[in-house]
Amino acid sequence: MALSDGVFAIAITLLVLDISVPQDLDPARFHQALADTLPNLGAYAVSLAVLGGFWRDHRAIFRPVRQVDPDVMGLTLLGLGLAALLPFPTALVSEYGHERVSVVIYSATVAALGAVHLALAVVVARRPWLRDGADPVRDEFLYAVDLGVTVVVFVVTIPLALVVGPAAMWWWLVLLPVKVWLGRKEDAAAAE
């Protein structure tokens, strides 16, 4: 868990490195430079939410795990590699958000990270010996639906970006009500 926590922490830290305002600007240029950081701040906020969610999910997957096998290690390494990569597509979207390819690269990276987390959750769920009898932290079905929806939304963004351009990023907002609804379903299931 320490390695995973470290990779997510570093990736989140790297997100902020592209946000800056040049020094020694007169007030008018300072205000313009500050306004120019808005796309960077928006991309940072989205990627912070994405990485934060995947970090939370990663910890939930591994909380009951008592041992790992080569498949779990391979999927974990792949997922951590994708998490560490996310600052690059974030920078593309913040600096070149008007380019379709930036949206495609960002969406593909997040979809791949979600798919790896989904595969990891399925592997851990189907190999109870890895949990040594411990119960999963989250409802496995609802968790799979949650990850699946994330993957689908970002995969759908890819052809959508090719057709309508960067406006396809608005499609990501569909995740907000879906995640809230799934969270309530999971809370209700846990209360039973």
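The axes of helix H1 (residues 2-16) and helix H4 (residues 70-85) come within 9 Å of each other and cross at roughly 15°. Here axes are lines fitted to C-alpha atoms, for helices over the stretch in contact, with angles running from 0 to 180 degrees between N-to-C directions. The angle makes H1 roughly parallel to H4 (under 35 degrees counts as roughly parallel, over 145 as roughly antiparallel, 65 to 115 as roughly perpendicular and the rest as oblique).

This is a predicted model, in which local features need pLDDT of at least 70 and side-chain atom pairs count only at pLDDT 80 or more, while totals for chains, interfaces and linings use all residues. Residues are numbered from 1 along each chain as its sequence is written, and side-chain values use heavy atoms, with hydrogens and water left out. Helices (H or I, at least four residues) and strands (E, at least two) are DSSP runs, numbered from the N terminus.

On the H1 side, the contact with H4 is made by Leu 3, Ser 4, Val 7, Phe 8 and Ala 11; H4 contributes Thr 76, Leu 80, Ala 83 and Ala 84. Contact means heavy atoms within 4.5 Å. Seven of these residues are nonpolar, two are polar and none is charged (Ala, Val, Leu, Ile, Met, Phe, Trp, Tyr, Cys and Pro count as nonpolar, Asp, Glu, Lys and Arg as charged, and the others, Gly among them, as polar).

The structure also holds three aromatic pairs. Rings of Phe, Tyr and Trp (its six-membered ring) pair if their centres lie within 6.5 Å; planes under 30 degrees apart count as stacked, over 60 as edge-to-face and the rest as tilted. Two of the pairs are listed here.

| Pair | Centre to centre | Angle between planes | Type |
|---|---|---|---|
| Tyr 106 and Phe 154 | 6.5 Å | 50° | tilted |
| Phe 154 and Trp 172 | 5.2 Å | 35° | tilted |

Tyr 106 in helix H6 (residues 100-126) and Phe 154 in helix H7 (residues 140-164) are 48 residues apart. Trp 172 lies in the loop between H7 and helix H8 (175-191), so its pair with Phe 154 ties together parts that are 18 residues apart in sequence. Ring pairs link Tyr 106, Phe 154 and Trp 172 into a cluster. Tyr 106 counts as buried, at 2% relative accessibility, and both Phe 154 and Trp 172 are buried. Buried means under 20% relative accessible area, exposed over 50%, partly exposed in between (1.4 Å probe, protein chains only).

Leu 162 is also in helix H7, but counts as exposed at 55% relative accessibility. Leaving aside neighbours within four places in sequence, Leu 162 is in contact with Arg 100 and Val 104. Leu 162 and Arg 100 are 62 residues apart in sequence and 6.1 Å apart in space, C-alpha to C-alpha.
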